[in-house]
2 protein chains.
Amino acid sequence: MAVQDVVHRKTALVFDLDGTLVDSVYQHVLAWREALETEGVELSVWRIHRKIGMSGGLFTNMLLRETGTHLSHERIERLQRLHALAYGRVSRDVRPLPGARALLDALTDADIPWAIATSGRMDSAGPVLETLGVALDRVPVITRDLVKYAKPDPDLFLAAAASLGIPIESASVVGDSVWDMLAAQRARSLGIGLLSGGYGMEELERAGAYRVYEDPADLLNHLDEVGGRR
Amino acid sequence: MAVQDVVHRKTALVFDLDGTLVDSVYQHVLAWREALETEGVELSVWRIHRKIGMSGGLFTNMLLRETGTHLSHERIERLQRLHALAYGRVSRDVRPLPGARALLDALTDADIPWAIATSGRMDSAGPVLETLGVALDRVPVITRDLVKYAKPDPDLFLAAAASLGIPIESASVVGDSVWDMLAAQRARSLGIGLLSGGYGMEELERAGAYRVYEDPADLLNHLDEVGGRR
């Protein structure tokens, strides 16, 4: 291929939701803690935090291993219901992270395609997306309901890129968790880490983040570093 | 000094409380979030997490800087009261971290002196110490009430070593937060980090931890690495 045939790769951004656009991670963590406690499973809170954002199935497998508890199919379903109940009681207090709306607006204004891909289901993500002002008829939102395997499998991000009609190799994934960064690598995308989910910078870098910012506001301030040409 | 005059330095351990011996950090974080929200101060939850464990006075100074809000003396007192109320509602759910009681018992059995030093006040630490089974008439417990400056100042740890009648230079400080590690360095002690407060390993290492373990159970398993000769 000749130099003049190189086509400029315009960036698209695929966003995780919890901890990336909305400030909901710590509430999810304590809701899981409450659900587990109700089911008689004792697990330290930091260990729950470290697994948040992966698929529910892998999350419960991990529990099974780390606690040595047997979790029947019924018990796993009960756990997920208890978590949804506990989270539902506090979700009205969940706010968008600083700069989240401004960042999404700036991308739209600059004609940079973006989508949302979350390991959560639409019934828990829906109200949060409303708080964020995301128009579901215009923005591709890929939830757990739409793919067979959630993070750290790459399917959610691949589906988001497909919805945008963009090759995943020219998109970047913005996420707060190690699972987002691993899934981004498996999708052959690039991972942009945010500290707003409460993970450390080095954890995200070691999971493959090619750049880490504090939160959406900080990413917006540095958008030019990661392909956000405006 | 001749080689034969070297006196073996027997280790003593000074423990932080929240996130180090008891699993209370995430509850404290969300209690601060609720208190701040009530006072109309918006701050992302991860930023609160990153400041937890430092003295209340420095914590509110940090808020003042990071949010650009003016916090009057009355408002700071109200914030601290609101936090205590919110934490009080969930503190009955707080449990010792895995291995905490076994670790303290093993130290006592091995005649290794230990003490507790916390940035919290006795009225919030008291019930938690009870859960841990700490006998206040036998174990030195230094709370915020007893020193002028809390972490990252070294006073709490210096007071704990003094209570044990041990030079701080032969003691190690066990803590979960960056502030514990900085205060340990300022005291010329050594910091042993635990991941159980939800900070990343590298954050603790970069703050000076000379060794990092997962939680009290993991430290107990590796006690010989840090002077716990039994």
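Modeller: Two strands are said to pair if DSSP finds at least two bridges between them. The model before us is a predicted one.

Colleague: What makes strand 1 and strand 2 of chain B a pair?

Modeller: Strand 1 of chain B is joined to strand 2 (residues 114-117) of chain B by three bridges, and the two run parallel. The criterion asks for at least two bridges, so the term applies. Within this pairing, Ala115(B) of strand 2 stands opposite Val14(B).

Colleague: How do you know that strand 1 of chain B also pairs with strand 4 of chain B?

Modeller: Four bridges link strand 1 to strand 4 (residues 171-175) of chain B, in the parallel sense. With at least two bridges required, these strands therefore pair as well. In strand 4 of chain B, Val173(B) is the bridge partner of Val14(B).

Colleague: Which way do the residues of strand 1 of chain B point, and are they buried or exposed?

Modeller: Ala12(B) and Val14(B) point one way, Leu13(B) and Phe15(B) the other, and all are buried. In a regular strand, side chains alternate between the two faces of the sheet.

Colleague: Why is Lys51(B) called buried?

Modeller: Its relative accessible area is 16%. Lys51(B) belongs to helix 2 of chain B. Apart from neighbours within four places in sequence, Lys51(B) is in contact with Phe59(B), Met62(B), Glu66(B), Trp179(B) and Tyr199(B).

Colleague: What makes Arg188(B) exposed?

Modeller: A relative accessible area of 59% is found for Arg188(B); the threshold is over 50%, so Arg188(B) is exposed. Arg188(B) sits in the loop between helix 8 (178-186) and strand 5 (190-194) of chain B, and has a positive phi of about 60° without being a glycine.

Colleague: Let us turn to the interface. Why is the contact of Arg206(B) with Glu202(A) called a salt bridge?

Modeller: The closest N and O atoms of Arg206(B) and Glu202(A) are 2.6 Å apart. The limit between a side-chain nitrogen of Lys or Arg and a carboxyl oxygen of Asp or Glu is 4 Å, so the pair qualifies. Between chain B and chain A the count is eight salt bridges. Helix 1 (25-38), helix 2 (45-51) and helix 9 (201-206) of chain B each supply at least two residues of the side that touches chain A. Helix 1 of chain B gives the most, with six residues.

Colleague: How much area do chain B and chain A bury between them?

Modeller: About 2,400 Å² is buried between chain B and chain A, 48% of it on carbon and sulfur atoms. Tyr26(B), Trp46(B) and Glu202(B) supply 28% of the area that chain B buries against chain A, more than any other three residues.

Colleague: How many residues of each chain are in contact across this interface?

Modeller: In chain B, 29 residues are in contact with 30 residues of chain A.

Definitions and conventions. Residues numbered from 1 in each chain as written. Chains lettered and ligands numbered in written order. Predicted model: local features only at pLDDT ≥ 70, side-chain atom pairs only at ≥ 80, totals over all residues. Heavy atoms only, no water. Contact = heavy atoms within 4.5 Å. Buried area = accessible area lost by both parts, 1.4 Å probe. Buried < 20%, exposed > 50% of the residue type's maximum accessible area, 1.4 Å probe, protein only.
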